[in-house]
Amino acid sequence: MLEVVKVEKNTTIQKAVSSDTLSFSQLVTRKVMTEPEIMKVIANYIHFSCMTAWNIKDNISPNQAVMFASQVLERSDFTIEDIVVMMKMATRGDFGPAYNRIDVGVLNEWLQKYLDIRIDH
């Protein structure tokens, strides 16, 4: 948990946008990681973040996290830093309250709001 906090603390939207970190598509193209491996990393991080940050009845399931991860992989320019920043902003409430559920629909709303903000940087 402490390692995750350190990564989140040092990752900002400015760093995510201007980073030299390989995008998900570059990781696959350069055979650093496979798509299933990347999906697992994204899904585990999303599930961990949601389960840790929100104590709500209808939190995201592992299968929903995988579904969202597959949608994120469709964005060729995204990096793990983008996911970290998006989730950090969500847990701070930057995208509004989570109310009583977190699922793929909510995550996609957060993703769109993050993309809108990311464009300005």
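Reader: Which residues in H6 meet which residues in H7?

Author: Keep in mind that this is a predicted model. On the H6 side you have Asp-82, Val-85, Met-86, Met-87, Met-89 and Ala-90, and they meet Leu-107, Trp-110, Leu-111, Tyr-114, Ile-117 and Arg-118 in H7.

Reader: And at what angle do the axes of H6 and H7 cross?

Author: They cross at roughly 105°, and the axes come within 10 Å. The 65 to 115 degree range counts as roughly perpendicular, so H6 is roughly perpendicular to H7.

Reader: OK, H6 itself. How many of its residues are buried?

Author: 10 of its 13, so the helix is mostly covered. The buried ones include Ile-83, Val-84 and Val-85, but also Glu-81, Asp-82 and Lys-88.

Reader: What does H6 span, end to end?

Author: From first C-alpha to last, H6 reaches 18 Å, close to the 18 Å expected at 1.5 Å a residue. After the helix comes Gly-93, with a positive phi near 90°.

Reader: Back to Lys-88. Why does it count as buried?

Author: Its relative accessible area is 17%, and buried means under 20%, so Lys-88 falls on the buried side.

Reader: What does the Lys-88 side chain reach?

Author: The backbone oxygen of Thr-11, at 2.6 Å. Leaving out residues up to four places away in sequence, Lys-88 touches Glu-8, Lys-9 and Thr-11.

Reader: Switching to the hydrophobic side: how many residues are in the largest nonpolar core, and which have the most contacts inside it?

Author: That core has 35 residues, and Ile-46 and Met-87 have the most contacts inside it. H6 gives the most to this core, with seven residues.

Reader: What does Ile-46 touch, skipping residues up to four places away in sequence?

Author: Ile-60, Ala-65, Phe-68, Ile-83, Met-86, Met-87 and Leu-107. Met-87 is also one of the H6 residues that meet H7.

Reader: Last one, Glu-109. Where is it, and how accessible is it?

Author: Glu-109 is found in helix H7. Its relative accessibility is 47%, so it counts as partly exposed; the exposed label needs over 50%.

Reader: How far apart are Glu-109 and Phe-95?

Author: In sequence they are 14 residues apart, and in space 8.4 Å, C-alpha to C-alpha.

Notes. Residues are numbered from 1 along each chain as its sequence is written. This is a predicted model: local features need pLDDT of at least 70, side-chain atom pairs count only at pLDDT 80 or more; totals for chains, interfaces and linings use all residues. Side-chain values use heavy atoms; hydrogens and water are left out. Buried means under 20% relative accessible area, exposed over 50%, partly exposed in between (1.4 Å probe, protein chains only). A polar contact is a pair of N or O atoms within 3.5 Å; within protein, one must be able to donate a hydrogen and the other to accept it, and residues adjacent in sequence count only if both atoms are side-chain atoms. Contact means heavy atoms within 4.5 Å. A nonpolar core is a set of buried Ala, Val, Leu, Ile, Met, Phe, Trp, Tyr and Cys residues joined through side-chain atoms within 4.5 Å. Helices (H or I, at least four residues) and strands (E, at least two) are DSSP runs, numbered from the N terminus. The expected span of a helix is 1.5 Å times one less than its number of residues. Axes are lines fitted to C-alpha atoms, for helices over the stretch in contact, and angles run from 0 to 180 degrees between N-to-C directions. Angles under 35 degrees count as roughly parallel, over 145 as roughly antiparallel, 65 to 115 as roughly perpendicular and the rest as oblique.
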